[in-house]
Amino acid sequence: DAGNLARITPPELNFRIVTPQPIDIREGALIEYRLGLFGIPFSWRTEIVRWEPPHAFVDRQLDGPYALWHHTHTFVETEQNGQAGTQMDDRVLWQLPLAPVGELAYPLVRLQLARIFGYRQRAIQEILGNGTA
């Protein structure tokens, strides 16, 4: 449910989905967002380019702040201490715009992305009521 994205995004990003909901998540689905980073508002539009529930899905940026954004989400059944669970992994291939000048922001953007994905991990654990990673 794309509506959960706001729940797992740091509040200071002022994230909101612009696309009317509910969104039919499937290959080819387009989702438009508004958010702000360092006080700068921007739009972001992604497309679901691979949809393979319950194992994986991939979204890519069509319009937004990056020159390249390709985000793979994978879900693998696990068992730990006799309890079944799901391991969720994110792999993001990203590139900043305006190379080579844009690359000067790479360390700052990398830290910001690590913070955002760390927040996401903690929020998902809290929502699901499970304190383990």
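Student: In which loop does P100 lie?

Tutor: P100 lies in the loop between β6 (83-95) and α1, where helices (H or I, at least four residues) and strands (E, at least two) are DSSP runs, numbered from the N terminus. This is a predicted model, in which local features need pLDDT of at least 70 and side-chain atom pairs count only at pLDDT 80 or more, while totals for chains, interfaces and linings use all residues. Residues are numbered from 1 along each chain as its sequence is written, and side-chain values use heavy atoms, with hydrogens and water left out.

Student: Which pattern does the protein chain follow along the sequence?

Tutor: The pattern of the protein chain is β-β-β-β-β-β-α, that is, six strands and one helix.

Student: What is omega near for the peptide bond from A99 to P100?

Tutor: Omega is near 0° for the bond from A99 to P100, which is cis. The peptide bond from P53 to P54 is also cis, with omega near 5°, and P54 has its place in the loop between β3 and β4 (56-63).

Student: Which loop holds L98, and is L98 buried or exposed?

Tutor: Here buried means under 20% relative accessible area, exposed over 50%, and partly exposed in between (1.4 Å probe, protein chains only). L98 is in the loop between β6 and α1, and because its relative accessibility is 70%, L98 counts as exposed. Phi of L98, a residue other than glycine, has a positive value near 60°.

Student: What is phi of N81 near, and where is N81 found?

Tutor: N81, likewise a residue other than glycine, has a positive phi near 55° and is found in the loop between β5 (68-80) and β6. N81 has 76% relative accessibility and therefore counts as exposed.

Student: Which residues touch the most other members of the largest nonpolar core?

Tutor: A nonpolar core is a set of buried Ala, Val, Leu, Ile, Met, Phe, Trp, Tyr and Cys residues joined through side-chain atoms within 4.5 Å. The largest one has 18 residues, of which I17, I31, Y33, W44 and Y66 touch the most other members. The elements that give two or more residues to this core are β2 (30-37), β3 (40-52) and α1 (106-128).

Student: Which residues are in contact with I31, leaving aside its neighbours within four places in sequence?

Tutor: With contact meaning heavy atoms within 4.5 Å, and with those neighbours left aside, the contacts of I31 are A2, I17, T19, I23, I25, W44, R45 and T46.
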